[in-house]
Structure formats: structure tokens, C-alpha cells
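Dear colleague,

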Amino acid sequence: MMEAMRIEGLTKYYRPRNVVENVSFEVKQGEIFGLLGKNGAGKSTIINMISGIVFPTAGNVSIYGGPNTGMEAKKRMGVLPDYETYYDSMTALEHLKYFSKINKKKISKQKMIETLERVGLGRDINKKVKNFSFGMKKKLGIAQAIVTDPDLIILDEPTSGLDAESAINIQHLIRDLNKEGKTIFMTSHNLAEVEKLCTRIAILNNSRLVSIGTLEELRKEYQSNITIYIKHLPIAAEQIAEIKEYLETISKSLKWKENRLNIVVEEETLIPAIIRKIVLANIDIMDIEIVKPTLEEIFLDSS
């Protein structure tokens, strides 16, 4: 699969320390790639280096095989930086016109209007930005990032400051853009959002990359527990004794009370064996719930 972006040995020094230290990863074409980290971990600095606003102390960034500072990269990339500022006297539509002009992009007025409608600013096209809330400015920034129809869209905290309904709408927009073939690289403080949207996730801690992979790969890396909740019809004591000894050998924790059984295991592959053993013991299962660790638990474990 083609690489949309490659970061190699990226380092940024701001006295007295490195805010980003020797970070390397690639983003594949068609991914929704999430970058996680606590405040000060270096997420926004990485985005600023990717977009060419900040130059790295060491390392480099390539976009579709070329330098990120080249004209070809800039044409294929749309960016929502975290510090987005606007001209108070301009309207939303005027901002997009100005943006297209300084970037030498020919964008029709209809395309700009459609983009503003898509991010939820359809009723505010001609409203001056000085009357915008923080959330509305965030939507305008997203419109600016996507109006040129870029292949790679870089979003720094795209839903921060938005109300719940607007955040959900932006999440739907991110999915829709991805379905259209766009590659999304995003940061977020909303771990549930990253878990829901992202195909792969990288975790920063103390300016360094500590983990990268799919959610399933991260779960395996941190040996997170999987809990199986089983509800069954009443059974005799001898039926419990028949399989309890076996279950204790493969589980980290086992609780059996009346018609409810809770089992904690480390490996997902143990689940079919457990269910088979229970069925073969003539225990009638009424309900099964399997709870895997959340991204929040993995993130806290890696910090």
C-alpha cells in the first residue's frame, strides 16, 4: 500500500529540552491515523513540522515520496493547525476566498459554500468571524483544510471545543472523507473518538513514540485483560465442579455466583475453548458479553 506520509527521526529542540525526540512512523494511503499523547507530549509540534510551519532540529518528513516543503506536497495536503487565527472583519466565505487566493488555488464560490455547509456552517456563510464561537472557528478551520480537495488531511484536535452534536457531525465527516479516498492524520484528547475512528494509533509519551499499531495490536502489546460475562440457567453443583478446575487453569480471575460466571483472560483465543467447555458440560447459556480493554486503559498503561 502506498505511503501518504513518512516521518523519520523527527526531533525538535526547544531550550531546555527536546519536545519531540527521534519519532519515526509512516501513514498509509487510505488510513485514519491517530496520534495520542498528554498535553506537552509533542503532538502539535509534530503537526507543525509536517505542515512546514516549524523546521525540525533533526529528521525529515516526506509526503507521497517527496519533501513536505515542496509545492507538490502542499497541493496534496490540507491542514487544521491548533492555533488557527482569523481576520475578525472577514466572513467565513471571505476567509475561504482569501485562503484559495494565497494558495493559488482556483476554487469556485459554489464549492466553498458546499464545504462550509458540510462542516455545519451553512447558516453562517456571510457572518463575520468576530461573531464566531470557538467551535465555529474550529469548523471554519476544518473547511479550510478540506476545501482544496486534498489527498492528505491533517487535523489537530478536530472536535475540541465543539458541542456533542457538532463533534458527532465532524466524526461522520471524517469517516465520509475517508470513504472518498482521503487519508486522515489526526490528534485528539478524546480517546473514545480515536478508538472509534482510527485504523492505527501512535502513542507519544515524554516526547517519544512508545507504541504504534491497530487497537488489537496495542491490546496484545500491553497484555490487557479480556473479561467474559456469562449468564446461564441454574445448574447443579456437580456441573460447576466438572469445569471449574479447568477454567481456573486458563483464567486470571474466576467468579461464579448462582447463574453468573465472570472470567478474566489475557488471550482472545481462549474464548472459543471456554464456551465449548461450558456447552459440553450441558450448561445452557443465556447471554455472553465480552469486554475488551478500552484505548483509555491502554493509554494510561503506556504513560
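This is a predicted model: local features need pLDDT of at least 70, side-chain atom pairs count only at pLDDT 80 or more; totals for chains, interfaces and linings use all residues.

Residues are numbered from 1 along each chain as its sequence is written, and side-chain values use heavy atoms, with hydrogens and water left out.

Six strands make up an open sheet of mixed pairing, in the order 6-7-8-3-9-10. Its edges are strand 6 (77-80) and strand 10 (208-213), each of which pairs on one side only, and the twist from one strand to the next averages 15 degrees. Helices (H or I, at least four residues) and strands (E, at least two) are DSSP runs numbered from the N terminus, and two strands pair if DSSP finds at least two bridges between them. Within this sheet, strand 7 (residues 152-156) and strand 8 (residues 183-187) pair in the parallel sense over five bridges, and the bridge partner of L152 in strand 8 is T183.

Helix 1 (residues 43-50) lies across strands that include strand 3 (32-36) and strand 9 (200-205), and runs at about 150 degrees to strand 7. Contact here means heavy atoms within 4.5 Å; axes are lines fitted to C-alpha atoms, for helices over the stretch in contact, and angles run from 0 to 180 degrees between N-to-C directions. Seven of the eight residues of helix 1 are buried, so this helix is largely enclosed by the rest of the structure. Buried means under 20% relative accessible area, exposed over 50%, and partly exposed in between, with a 1.4 Å probe and protein chains only. Just after helix 1, G52 takes a positive phi of about 85 degrees. Helix 6 (residues 164-179) lies across strand 3, strand 7 and strand 8, and runs at about 150 degrees to strand 8.

A further open sheet, of four strands with antiparallel pairing, has the order 12-13-11-14; strand 12 (253-257) and strand 14 (285-291) are its edge strands, each pairing on one side only. Five bridges join strand 12 to the antiparallel strand 13 (residues 260-265), where I263 stands opposite L254. Helix 9 (residues 237-250) packs on this sheet, touching strand 12 and strand 13, and its direction makes about 155 degrees with that of strand 12. Helix 10 (residues 270-280) lies across strand 11 (226-232), strand 13 and strand 14, running at about 165 degrees to strand 14.

Some backbone details deserve a look of their own. Most residues other than glycine have a negative phi, and most peptide bonds are trans. A cis peptide bond, with omega about 15 degrees, joins R15 and P16, and P16 lies in the loop between strand 1 (3-14) and strand 2 (17-28). N22, in strand 2, has a positive phi of about 50 degrees although it is not a glycine, and N22 counts as exposed at 55% relative accessibility. Y64, in the loop between strand 4 (58-63) and strand 5 (66-67), also has a positive phi, near 50 degrees, but Y64 is buried, with a relative accessible area of 14%.

With best wishes
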